[in-house]
Amino acid sequence: MGDREIDQQLVERAQQGDKRAFELLVVKYQRKLARLLSRLIRDPAEI
């Protein structure tokens, strides 16, 4: 099973209220999301 399939399963579980699945997604993507937001929003205080 690939990364995309695992992520899809985690998303589906999180949508059903599985807090652990949501936590795993946050941990996996928080750094990437922060980098993207820092490029889009110039003021670091806004993130």
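Where is the place of Gly2? Gly2 sits in the segment before α1. This structure is a predicted model.

## Overall build

The chain has two helices and zero strands. Helix α1 covers residues 3–15. Helix α2 covers residues 19–40. Along its principal axes, the C-alpha trace spans about 35 × 25 × 15 Å.

The chain has 47 residues, and 9% of them count as buried. Its accessible surface is about 4400 Å². Carbon and sulfur atoms account for 54% of that surface.

## Distances between parts of the chain

Start with Gly2. With a relative accessible area of 30%, Gly2 is partly exposed. Its C-alpha atom is separated by 15 Å from that of Leu25. Along the chain, Gly2 and Leu25 are 23 residues apart.

Now take Gln9, in helix α1. Gln9 is partly exposed, at a relative accessible area of 40%. The C-alpha atoms of Gln9 and Glu23 are separated by 13 Å. These two residues are 14 residues apart along the chain.

## Salt bridges

Side chains of opposite charge can pair when their charged atoms come close. How many salt bridges does the structure hold? The structure holds four.

One of them joins the side chains of Asp3 and Lys28, at 3.3 Å from N to O. Asp3 lies in helix α1 and Lys28 in helix α2, so this pair ties together parts that are 25 residues apart in sequence. Lys28 also meets Asp7 in a salt bridge, at 2.9 Å from N to O. Here Lys28 belongs to helix α2 and Asp7 to helix α1, so the pair ties together parts that are 21 residues apart in sequence.

Another salt bridge links the side chains of Arg13 and Asp18, at 2.9 Å from N to O. Arg13 is partly exposed, at 37% relative accessibility. Asp18 is partly exposed too, at 25%. As for shared partners, salt bridges join Asp3, Asp7 and Lys28 into one network.

## A closer look at Asp7

Is Asp7 buried or exposed? Asp7 counts as buried because its relative accessibility is 12%, and buried means under 20%.

Asp7 has polar contacts through its side chain. One, of 2.9 Å, reaches the side chain of Lys28. Another, of 2.2 Å, reaches the side chain of Tyr29.

## Patches on the surface

Which residues form the positive surface patch? They are Arg31, Lys32, Arg35 and Arg39. Arg35 lies in helix α2. At 46% relative accessibility, Arg35 counts as partly exposed.

There is also a nonpolar patch on the surface, formed by Leu33, Leu36, Leu40 and Ile41. Together these residues have about 350 Å² of accessible area. Leu36 lies in helix α2. Its relative accessible area is 35%, so Leu36 is partly exposed.

The chain carries 10 positive and 8 negative charges.

How values were computed. Residues numbered from 1 in each chain as written. Predicted model: local features only at pLDDT ≥ 70, side-chain atom pairs only at ≥ 80, totals over all residues. Heavy atoms only, no water. Patch = residues over 30% accessible without salt bridge, like charges linked within 9 Å, V, L, I, M, F, W, Y side chains within 5 Å. Areas by Shrake-Rupley, 256 points an atom, 1.4 Å probe, with all protein chains shown as cover. Lys, Arg positive; Asp, Glu negative; His and termini not counted. Charge placed at Lys NZ, Arg CZ, Asp CG, Glu CD. Helix = DSSP H or I, 4+ residues; strand = E, 2+ residues; numbered from the N terminus. Buried < 20%, exposed > 50% of the residue type's maximum accessible area, 1.4 Å probe, protein only. Polar contact = N/O pair within 3.5 Å; in protein donor to acceptor, adjacent residues only side chain to side chain.
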